[in-house]
Amino acid sequence: MSIDGQSATGPDETARPTAGATALRRAIVVGGNRIPFARAGGAYAKSSNQDMLTAALDGLIARFGLQDERVGEVAAGAVLKHSRDFNLTREAVLGSALSAETPAYDLQQACATGLETVVGLSNKIKLGQIDSAIAGGVDSASDAPVVVSEGLREVILDLNRAKTLPQRLQILSRLRPKDLAPLAPGTAEPRTGLSMGEHQALTTAQWKVSREAQDELALNSHRNLAAAYGAGFFDDLVTPYRGLSRDGNMRADTSAEKLASLKPVFGRNLGADATMTAGNSTPLTDGASTVLLASDEWADARDLPKLAAVVDAEAAAVDFVHGKDGLLMAPVFAVPRLLARHNLTLADIDYFEIHEAFAATVLSTLAAWEDEDFGRTRLGLDGALGKVDRSRLNVNGSSLAAGHPFAATGGRIVASLAKLLHAKGSTDGRPARGLVSVCAAGGQGVVAILESV
Amino acid sequence: MAVQPLILGEMPSLSKLYINAAAQAARRRLLGTGDSSHLPDESHEVRAVAVDVANLTAYQHLLGETASDVLPAGFVHALAFPLAMSVMNRDDFPLPLLGMIHLGNRVEQRVPLLFTEALDITARVENLRGHRSGTQVDVVAEVRKSGSNAVCWLGVSTYLAKGIFLPGIDKPSAQHGKPDFRAPDPTALWQLGVDAGRAYAAVSGDFNPIHLSVLSAKALGMRRSIAHGMYLASRALADVGPARGDSFIWEVGFEAPVFLPARVALDITTEQEGTGAWHRSDFVAWNPRSGRRHFSGSVAALEDAASGNGDERAGKDTPGLTETGVSGPVQEERI
């Protein structure tokens with residue numbers, strides 16, 4: 001039997017009740033901080049992922065007095081990531097005011113990265129493995145890695161291994177002019193060659209989502225976000241960076257007419273069905289977000305606010321490669337499973353945060369949930385999952401207006417929703433409840449439920 | 001002695017200053033020096049200096065600083081440097097600017113400065129005094145937020161005019177022997193490429209030829225190009241890391257120059273308070289092959305009492321450099 005009680009598994013150990021038998025404790029969202037999101041090539045054009053993540057982290061540290069604090073664990077990630085940034089999150093921690101003894105790890109699940117860091121760290125808090133954590137994400141579309149061609153890469157690696165001059169010359173002679181052209185990162189799915197927008201265009205046509213409905217959702221996103229800024233909602237959620245104090249993509253003065261005047265950019269081969277424009281799709285964006293998570297005891301000991309509890313989460317994936325489902329439709333399946341686990345329906349949710357990868361993604365999701373046949377055949381329900389009350393959807397704006405730095409979106413949503421739930425307090429004698437839904441490349445999605453504290 | 005500052009309309013151009021300094025050197029050779037042992041009283045000032053954010057980011061990336069909106073203390077030095085040069089470039093400045101050696105530097109970062117803030121920068125010279133091998137002088141630069149009286153950043157750079165002895169200024173008695181230096185175990189090893197001088201020149205604006213290339217350095221009598229002293233000191237400051245907080249005193253004394261390319265060994269020793277809070281970090285850097293010391297210094301917490309108030313003109317009671325800064329028998333960089 002080991003002294004520390006955790007390395008060996010002897011006969012004594014198996015007889016002991018497992019730690020899992022004790023009740024799980026709560027994981028609390030204390031608050032969040034992000035830098036304003038900037039359009040690619042804008043205010044953060046020269047800032048790296050590490051710069052932005054550190055800036056978001058330092059703002060969080062300043063807000064909650066975490067200087068020199070050894071936080072249980074920090075997890076964050078980036079979707080567009082340089083190979084030199086293998087330890088991105090740990091490097092950001094070392095560059096921040098946190099104690100250098102704070103451990104960190106990188107996580108990557110495409111656009112669900114940010115939400116998944118919240119889920120994973122919350123689970124560790126619930127298990128009692130850590131008492132505090134910072135979840136986050138960052139992405140730069142401006143400072144994206146540029147990769148050399150396969151031909152050049154192989155030549156460079158072989159040159160490193162070559163021992164003699166004739167060997168080196170022979171290897172160099174393999175180089176062709178085309179090998180010297182660099183490759184910029186794309187958003188095409190590796191298995192289909194279709195960009196995310198082209199994939200969504202297929203789904204949009206399948207669910208017959210109209211151009212008008214998409215433009216209306218986009219307009220609401222801008223109006224809601226601008227109203228939230230106007231009401232000071234983001235005063236304790238956003239720290240200015242590089243001269244930006246509000247999201248650079250937000251267009252408070254946009255109108256239905258302006259949005260209607262834009263030409264479709266995705267699905268143009270669909271002819272009359274091409275409805276997706278730059279106005280109702282998210283732009284490439286730079287930014288970073290962080291969320292402070294804690295146990296009740298940790299937050300109380302420091303007299304920190306407690307906004308919401310991370311109740312539960314569910315991941316799903318769809319078989320999109322040959323078109324069985326749309327690329328961004330995984331949350332359509334994750335949400336009913338998560339609701340069922342808690343005996344909830346859509347009517348029990350006070351706020352919906354459905355990530356606006358494209359306006360049509362949100363509308364296709366809602367359409368699938370309202371479809372009787374889809375509910376029966378694909379979701380295994382008696383009928384449609386139900387209708388989302390649109391007055392509860394993305395009430396402070398979402399990615400269409402704020403922009404979408406891929407891995408940073410989850411942290412933006414969780415911090416904003418937690419604050420919203422806390423302000424709401426309770427409904428019908430129960431805590432206010434929020435649902436987060438984030439779709440991701442590779443046909444994946446992560447969804448979560450938060451409750452006010 | 002309240003002399004009104006000379007207010008310049010814009011930050012002087014360093015390249016013009018260098019050219020002017022060369023012309024002045026030639027003129028003085030022909031006409032002889034003024035034999036003055038007095039420093040000009042007038043300070044120089046530039047108001048509402050704006051920071052270029054792209055330049056700030058490039059500086060932060062090169063030096064290894066976190067790319068926050070706060071100006072690194074060494075960046076402020078680079079910002080104020082042309083103004084400091086302009087004071088030493090005056091006709092009534094008694095020492096020849098070209099060839100002066102940067103012995104050491106002391107910075108009080110009292111209040112963090114953001115790149116979004118316009119800055120008023122002043123520079124003056126003071127404390128003309130003897131050195132065993134010439135005459136030394138302090139250049140004091142102060143940086144305030146535009147329109148405010150409080151000094152947020154105070155820098156004292158000590159320079160030596162080697163071989164220049166002015167009437168009425170005593171030479172201190174020679175120091176006995178070279179202080180022993182035994183290299184500790186390094187905590188870091190820097191690999192400086194031959195382009196390290198050019199890279200720092202690009203972000204600091206200090207295109208002194210002795211830093212740029214072997215050829216340009218040879219033209220000025222150097223064996224090879226050398227790293228900027230403030231590049232080395234600023235990297236050490238960055239290596240101390242964010243534990244130093246937003247206000248601190250940063251001192252460095254320069255010794256053997258770093259000829260490029262180079263490997264530089266560095267040791268940083270940090271002292272913590274009983275509470276575990278950072279108190280100070282001492283750094284020393286040396287050539288790992290020869291064991292010669294390149295520079296040493298410290299970053300220390302700036303106590304509230306020392307941070308002063310707005311009206312204080314800190315130059316009066318600012319101590320000159322500590323002995324380590326001027327004791328070395330070797331030289332750092334020349335102007």
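Axes here are lines fitted to C-alpha atoms, for helices over the stretch in contact, and angles run from 0 to 180 degrees between N-to-C directions. Helices (H or I, at least four residues) and strands (E, at least two) are DSSP runs, numbered from the N terminus. This is a predicted model, in which local features need pLDDT of at least 70, side-chain atom pairs count only at pLDDT 80 or more, and totals for chains, interfaces and linings use all residues. Residues are numbered from 1 along each chain as its sequence is written, while chains are lettered from A and ligands numbered from 1 in the order in which they are written.

**Exercise 1. Describe how helices α5 and α6 of chain A pack.**

Step 1: find the helices. In chain A, α5 covers residues 150-161 and α6 covers residues 165-172.

Step 2: read the geometry. Their axes come within 9 Å and cross at roughly 175°.

Step 3: name the arrangement. That angle makes α5(A) roughly antiparallel to α6(A). (Angles under 35 degrees count as roughly parallel, over 145 as roughly antiparallel, 65 to 115 as roughly perpendicular and the rest as oblique.)

Step 4: list the partners. V155(A), D158(A) and L159(A) of α5(A) meet R168(A), I171(A) and L172(A) of α6(A). Two residues are in contact if their C-beta atoms, placed from the backbone, lie within 7 Å.

Step 5: sort them by class. This contact has four nonpolar, no polar and two charged residues. (Ala, Val, Leu, Ile, Met, Phe, Trp, Tyr, Cys and Pro count as nonpolar, Asp, Glu, Lys and Arg as charged, and the others, Gly among them, as polar.)

**Exercise 2. Work out how α7 and α12 of chain A are arranged.**

Step 1: take the numbers. Helix α7 (residues 196-206) and helix α12 (residues 359-370) of chain A have axes 9 Å apart and pack at an angle of about 40°.

Step 2: classify the angle. It makes α7(A) oblique to α12(A).

Step 3: list the residues. Q200(A), T203(A) and T204(A) come from α7(A), and A360(A), T361(A) and S364(A) from α12(A). By class, the contact of α7(A) with α12(A) holds one nonpolar, five polar and no charged residues.

**Exercise 3. Follow helix α6 of chain B from its packing to its end.**

Step 1: find its partner. The axes of α3 (residues 73-88) and α6 (residues 229-240) of chain B come within 9 Å, crossing at roughly 155°. This makes α3(B) roughly antiparallel to α6(B).

Step 2: see who touches. A73(B), G74(B), H77(B) and A78(B) of α3(B) make the contact with M230(B), A233(B), S234(B) and L237(B) of α6(B). Five nonpolar, three polar and no charged residues take part in the contact of α3(B) with α6(B).

Step 3: check the length. The twelve residues of α6(B) should span 16 Å at 1.5 Å a residue, and its end C-alpha atoms are 17 Å apart, which agrees. (The expected span is 1.5 Å times one less than the number of residues.)

Step 4: check the cover. Eleven of the twelve residues of α6(B) are buried. (Buried means 20 or more other C-beta atoms within 10 Å of the residue's own, exposed means 12 or fewer, and partly exposed is in between; C-beta atoms are placed from the backbone.) Among the buried residues are Y231(B), R235(B) and V240(B).

Step 5: look past the end. G241(B) follows α6(B) and has a positive phi, near 90°.

**Exercise 4. Is N343(A) buried or exposed, and is N394(A) buried or exposed?**

Step 1: note the backbone. N343(A) has a positive phi of about 50° although it is not a glycine, and phi of N394(A) is positive too, near 45°.

Step 2: place each residue. N343(A) sits in the loop between α11 (330-341) and β10 (351-354) of chain A. N394(A) is in the loop between α13 (372-377) and α14 (399-402) of chain A.

Step 3: count neighbours. N343(A) is exposed because it has 7 other C-beta atoms within 10 Å. N394(A) is buried because it has 25.

**Exercise 5. Which residues surround V446(A)?**

Step 1: locate it. V446(A) belongs to strand β14 (residues 444-452) of chain A.

Step 2: count. With 28 other C-beta atoms within 10 Å, V446(A) is buried.

Step 3: name contacts. Leaving aside neighbours within four places in sequence, V446(A) touches several residues, including Q109(A), L115(A), A313(A) and V438(A).
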